[in-house]
Amino acid sequence: MQADEIRRKFLDFFKDRGHLESPSAPLAVEDPELLFTIAGMVPFKAFFLGIKSPPSSRITSCQLCFRTNDLDRVGQTSYHHTFFEMLGNFSFGDYFKNEACEWALQFITKELDINYNKLWVTVFKEDEETASIWKKLGIPPSKIVKKGEEDNFWSAADVGPCGPDTEIFFDRGEDLGCEGGCEPGCNKCSRWVEMWNLVFMQYTRDSSGKLNPLPSKNVDTGMGLERMATILQKVNDDYHTDLFLPIYNWVKEISSVPECEEKALRVISDHLRGLVFLLEEGILPSNTGRGYVVRRVLRRAFRYGKRLGINEPFLYRGVDVVIQIMGRAYPKIKDKKERIKSIIKLEEENFQRTLSRGLSILEQMIGDLKNKGERILPGQKAFKMYDTFGFPIDLTREIALDSGLSVDEDGFQQLMEKQRKKARETLILKSTSYYDPSFLKKVEDKCVEKGGAFVGYEKLCTEAILLCIIKDKMLVKQIEEEEEGEIILSETPFYPEGGGQIGDRGDISSLSGIGKVVDTYRRGNLIFHRVKLLKGKLKEGERVKARVDEKRRRAISRSHTATHLLHAALRNILGDEVKQSGSLVEEDRLRFDFTFSSPIDDEKLKEVIFLINEKIREDIPVKTEKTSLEEARKKGAIALFEEKYGEKVRVVQIGDFSKEVCGGTHLLRTGQMGLFQILSEGSIASGVRRIEAFCGEKALLWVMGKADKLKKLTQLLEVPEEKIFERLQDKEQQIIKLQNKLKGLQEKLVESKIQRVISQAVKVGTINVCTGEMEDISPELLRKAAENIRDSLKEAVVVLSSLANRKAFLVVASSRKDLPANELIKKISSITGGSGGGRWDFAQGGTSHPDKVSRAFQQFPEIVRTMIKN
């Protein structure tokens with residue numbers, strides 16, 4: 001029976017018994033405790049905990065799952081996987097043990113036609129009820145194994161819902177078991193296959209450890225599709241089922257080694273399936289969070305490909321094979337096939353460069369340690385691989401493990417912490433407003449209850465009480481003219497830096513003084529205003545007028561609204577793969593970082609620019625509302641997963657075009673922006689790109705500046721605008737002709753000088769030592785001249801120089817390995833104050849002190865003589 005049929009049979013079986021079929025939830029689960037959906041019950045966690053009401057008291061699903069807690073074991077066994085499908089049926093206060101056990105047995109024996117006599121079950125030793133049910137259903141007492149809490153009792157945490165579970169096992173036969181016999185759950189042999197786990201949530205455990213009955217009992221079951229396919233397809237290995245075998249065989253076909261390593265075949269087959277589904281969801285390779293897991297899994301698969309003799313990107317080609325297997329059940333992967341392939345290929349190419357830089361170094365380290373009889377790679381060496389060659393610790397660990405070595409990870413972490421500490425100290429030194437937690441708490445205790453609210457969405461000027469003044473990291477009662485300090489107000493219209501938007505500036509005044517606000521930022525729960533006193537003094541407790549620089553705020557708001565339009569336009573044109581990963585919102589200028597796997601061509605960028613300016617001309621209202629994060633997401637608002645949000649969030653909506661959770665300041669209508677223009681687009685990290693853009697007045701000035709330069713260019717070239725490129729092409733052809741003519745003249749000049757250099761050669765033993773100084777000769781011709789002299793004299797070392805723009809370019813050619821050119825150029829450079837390097841037969845270098853070249857050439861014969869003696 002094929003996997004597609006097993007999946008469909010299961011879902012239909014439970015639908016016939018009143019279950020609602022729930023589609024697979026995303027692998028990227030919205031749960032602060034998890035990165036991925038790791039089990040079939042994860043999407044229903046809120047129902048089991050009573051936080052939400054389920055749409056039905058009976059649900060069935062086939063959930064895509066991804067987990068990496070035992071990544072190192074994937075490939076070692078026939079059944080460990082990162083990516084798998086979990087079939088399940090769930091009851092929320094509806095049926096319980098009797099129905100769950102009966103239907104499980106009925107599905108296995110009737111629908112799947114599995115031999116009743118091959119089945120064993122395990123139960124929690126104190127759960128006599130479940131043991132009794134199995135007996136009534138015909139399972140012999142000898143095949144009901146009672147186990148302890150560690151094997152057959154489920155709990156989500158130390159406190160909360162829990163209960164016994166029962167597992168159904170398939171017995172492959174005693175000949176596959178341990179010598180002397182074993183029981184279900186044995187992981188030392190391949191006799192037992194766990195088919196189905198039924199969890200009965202009937203208790204809640206309190207902080208003292210006491211179990212109290214739940215008023216509403218739940219059922220959570222899980223059947224691994226891969227393991228069930230193994231049984232029904234009569235194979236002893238998940239990787240030989242129709243869910244893996246086409247990938248497994250494809251990898252064998254493209255391998256260039258006669259005997260393929262089984263572990264490598266399994267690792268690639270498993271990881272490639274997971275990568276396709278992770279990337280389909282837009283989870284791109286990166287150095288943090290889920291993206292780091294994607295990168296780690298992809299790199300692990302690529303590295304195992306090298307063990308099969310595959311030394312070039314190949315995983316991307318396997319996407320077609322995965323779609324052939326899974327595309328019918330999950331058609332969404334077909335729609336994004338080309339995008340998935342391009343992302344994988346790009347990541348493989350990047351990793352190939354990383355490996356080529358560092359793998360030989362690591363292998364040398366490992367070889368040296370093994371030769372010394374050592375079995376631990378020092379933390380310092382692991383850190384060097386990370387810091388210099390970009391090898392994450394898990395990659396170093398796995399490569400070392402394959403060679404029989406472990407890694408001093410404690411030493412590595414100590415060096416990492418030292419690096420982090422240094423970075424933190426640097427950050428603190430850069431910050432003008434760093435306070436230790438105790439001082440910040442003292443300030444908060446003084447100010448929080450008295451206000452400090454932000455009112456800058458509604459107004460740019462307000463009256464407030466000056467609650468607190470800080471100068472030189474101390475609380476003071478006042479600041480005077482020409483002094484700087486930080487103040488906190490009972491309410492403020494000044495927007496504090498956050499969400500990528502820079503802080504407001506403006507002024508604060510009272511009857512006693514006027515101050516200029518040079519920056520605004522948040523520390524803890526308070527908004528700090530950095531103020532420079534222009535006149536008089538500001539005193540704690542007095543009433544002040546706080547006024548934001550309106551023109552500057554408007555320019556910043558233009559940029560923030562432009563950022564939202566840019567995000568929406570990129571997603572509209574490039575697809576949902578685009579996700580914001582950072583931004584900087586300044587006055588009429590913005591920087592936007594986003595996930596995307598490849599460069600954006602000029603035509604696509606033009607489409608983005610055109611679409612944004614179209615939305616500006618439409619003069620769309622920009623509306624805001626406060627709601628819960630959950631409600632915002634239901635309405636389609638984009639929220640950054642990494643951001644921390646409160647109970648209520650602010651949603652900024654631009655018609656039907658854009659809807660985002662955002663606390664920043666914005667325009668009232670898009671037409672107030674005026675103009676938008678992209679300045680640059682490029683990569684800042686693997687899978688992350690950056691766009692810099694102008695809007696409003698700066699965009700207009702940029703366009704006017706371009707027009708001015710174009711006008712000057714037409715005047716310089718003496719042609720109208722439409723003929724500029726034609727004239728430049730003519731000029732380029734003229735330059736090429738002149739360069740060729742110059743090259744011909746230089747070649748004739750060099751040829752005459754070659755003869756002179758040869759005639760002035762100095763003999764050092766049997767070696768002809770030649771030196772020659774030239775002017776304005778190209779590096780290419782100088783190199784050819786040195787090689788020609790060396791080859792014509794047979795036994796020779798040659799050093800030539802060419803002076804141009806007050807710098808000297810030097811080349812050395814040698815016919816003797818005992819007089820290597822790369823060593824000779826270093827000795828010359830030590831005299832000229834320059835640098836150089838190369839091979840034994842040819843090297844080159846340069847110096848900014850051409851006046852020292854003659855002295856170096858005079859000493860050159862002696863340098864050669866000394867090297868011969870040594």
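Analyst: Let's begin with a cysteine: the sulfur of Cys162 lies 18 Å from the closest cysteine sulfur, in Cys101, so that is too far for a bond. A disulfide here needs a pair of cysteine sulfur atoms within 2.5 Å. Before going on, note that this is a predicted model, where local features need pLDDT of at least 70 and side-chain atom pairs pLDDT 80 or more, while totals for chains, interfaces and linings use all residues. Residues are numbered from 1 along each chain as its sequence is written, and side-chain values use heavy atoms, with hydrogens and water left out.

User: Is Cys162 buried or exposed?

Analyst: Buried, because its relative accessibility is 0%; buried means under 20% relative accessible area, exposed over 50%, and partly exposed in between (1.4 Å probe, protein chains only). Cys182, at 21%, counts as partly exposed.

User: Which residues have the most contacts inside the largest nonpolar core?

Analyst: In soluble globular proteins, nonpolar side chains tend to be buried together. A nonpolar core is a set of buried Ala, Val, Leu, Ile, Met, Phe, Trp, Tyr and Cys residues joined through side-chain atoms within 4.5 Å. The largest has 110 residues, and Ile114, Ile168, Met195 and Trp196 have the most contacts inside it. A second, separate core has 33 residues, including Phe596 and Ile678.
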